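Dear colleague,

I am handing over the structure below, and my notes on it follow. Please read them alongside the coordinates.

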Amino acid sequence: MRAALRVPALRGKGLRARIVLGYAVGTLLVSVVLVSVTFLLARSYLLDQREASLTRQAFADANVLDSRLATEGAEVGDVLGELVPSGGADVVLRSGNAWYSSSLDVGARDVPADLRRLLQTEPAASVVVDASGGPRLIVGLTLPNADVEFYEVAPLTELRQVLSTLAAVLGAAALAATAAGAAFGAWASRRAVQPLEQVAGAATRIAGGELTTRLPVTDDPDLVGIVASFNSMVDALAARIERDARFVGDVSHELRSPLTTLVTSVEVLGGRREELSPRGREALALVEGELTRFRRTLDDLLQLARLDGAPVSASAQPVSLTELVRQVIADSGRPQELLVVDDDADTTVRGDKTSLERAVRNLLDNADRHAGGACAVCVERRDGAVLVTVDDAGPGVVPEDRERIFERFARGPRAARRSLPGAGLGLAIVAETAARHGGAAWCSDGPDGGARFTLSLPAVPR
């Protein structure tokens with residue numbers, strides 16, 4: 001169960017984090033193996049060297065003791081008292097049933113029974129034992145001339161300190177190698193993820209309308225195909241968008257001439273409305289309404305054709321949205337009391353004034369057409385952006401339709417019964433204008449139960 005829980009946690013990490021973690025873990029495992037093997041080999045070598053040295057030392061001390069015991073009248077205790085073992089070792093002797101020691105710290109209790117049994121069949125033997133003061137090496141010999149068992153006990157404290165120091169150094173080296181592996185993994189992950197970041201950045205700019213964006217040419221054989229395919233895809237997409245925009249523009253322009261003729265003819269008929277029968281006047285009114293709608297649709301299509309794939313030009317001028325909204329309200333004959341604005345706030349943006357006026361006018365017209373008119377218009381600066389909000393007292397827009405109504409030819413299925421017919425292009429122009437200026441448009445709940453439409457544009461830095 002625990003293993004099953006770890007897998008999603010690893011999958012939740014980013015590609016770069018997984019690469020760094022993989023390098024770090026791999027380096028750590030290799031370091032642990034190398035450190036373990038090195039420590040064990042060094043420990044075995046040092047222990048063998050120490051054992052060989054102490055064995056030679058024990059044989060030398062045993063020969064000295066044996067030669068002295070060969071002297072007539074020599075006593076074991078006296079001879080042992082005169083013996084000075086080399087290397088700080090202690091000597092324990094067994095003569096018959098009596099035990100003798102060169103130091104009070106060691107005695108018969110320190111001689112393992114296994115070592116004593118080995119001396120019954122072997123002339124010499126050694127063993128390493130753990131004692132309270134640290135590990136010890138005990139070398140046992142038999143002196144057949146004197147019928148004495150000779151045991152030399154040497155501490156391995158110095159060897160243990162050397163091994164502890166070696167372990168610390170190897171452990172630090174393993175940690176340093178792991179850190180170096182993680183650093184190399186971070187460098188490698190940046191190199192590996194950099195092409196993906198370039199693709200993501202290019203895709204983001206293309207989605208924002210910069211259709212001239214392309215990936216730079218590379219000599220990497222693993223990326224040549226990807227770069228070429230991506231750039232070809234963008235070329236095809238740009239050509240398709242340009243072709244569609246040109247088609248819409250051409251169709252709209254071609255329709256303007258017959259539309260102008262129809263409008264002129266209908267105006268002539270409207271001038272002689274009184275001469276028509278009641279049914280003729282009713283038909284004329286329907287034709288006038290449809291022609292008005294048709295003309296508005298053509299204007300919207302031409303505006304969208306101009307907006308498609310056209311970023312704000314470098315010649316765009318600073319525009320005060322407060323003054324722009326105030327002018328649009330005045331030109332449309334709406335009361336200035338609709339506008340709520342902080343006169344001290346800087347609401348300057350950089351953009352195309354004509355397009356921005358059209359977007360604000362569309363928001364107001366949308367409130368008139370579907371919600372009985374706007375009840376409040378607010379312009380404010382917030383977090384580096386200038387917001388234009390239009391509140392209405394209509395039925396509102398349900399959450400599942402709030403994104404769809406900004407699509408072309410989309411109309412809310414739950415619009416008010418008093419809604420006037422429209423082509424569904426007004427809010428699409430608002431969204432396209434906002435995106436063209438690096439901003440956004442959205443719909444939310446209004447303060448009075450209706451809908452609130454918001455146009456957000458980047459503010460000019462102060």
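In these notes a residue is called buried when its relative accessible area is under 20%, exposed when it is over 50%, and partly exposed in between, with a 1.4 Å probe and protein chains only. Helices (H or I, at least four residues) and strands (E, at least two) are DSSP runs, numbered from the N terminus. This is a predicted model, in which local features need pLDDT of at least 70 and side-chain atom pairs count only at pLDDT 80 or more, while totals for chains, interfaces and linings use all residues. Residues are numbered from 1 along each chain as its sequence is written, and side-chain values use heavy atoms, with hydrogens and water left out.

On confidence, pLDDT (the predictor's confidence in each residue, from 0 to 100) averages 79 over the protein, and 85% of the residues score at least 70. Where pLDDT is low, the predicted coordinates should not be read in detail.

Helix 9 (residues 353-371) is mostly covered, with 14 of its 19 residues buried. Its end C-alpha atoms are 27 Å apart, which agrees with the 27 Å that its 19 residues should span at 1.5 Å a residue, the expected span being 1.5 Å times one less than the number of residues. Gly372, which follows helix 9, has a positive phi near 75°.

The axes of helix 9 and helix 10 (residues 426-436) come within 9 Å and cross at roughly 145°, where axes are lines fitted to C-alpha atoms, for helices over the stretch in contact, and angles run from 0 to 180 degrees between N-to-C directions. Among the residues that make this contact are Leu356, Ala359 and Leu363 of helix 9 and Leu427, Ile429 and Val430 of helix 10.

Two single residues may also be of interest. Thr322, in helix 8 (residues 321-331), counts as buried because its relative accessibility is 8%, and, leaving aside residues up to four places away in sequence, Thr322 touches Leu339, Val341, Thr347 and Val379. Asp383, by contrast, counts as exposed at 78% relative accessibility; it lies in the loop between strand 9 (374-382) and strand 10 (385-392), and has a positive phi of about 55° although it is not a glycine.

With best regards

Methods. Contact means heavy atoms within 4.5 Å.
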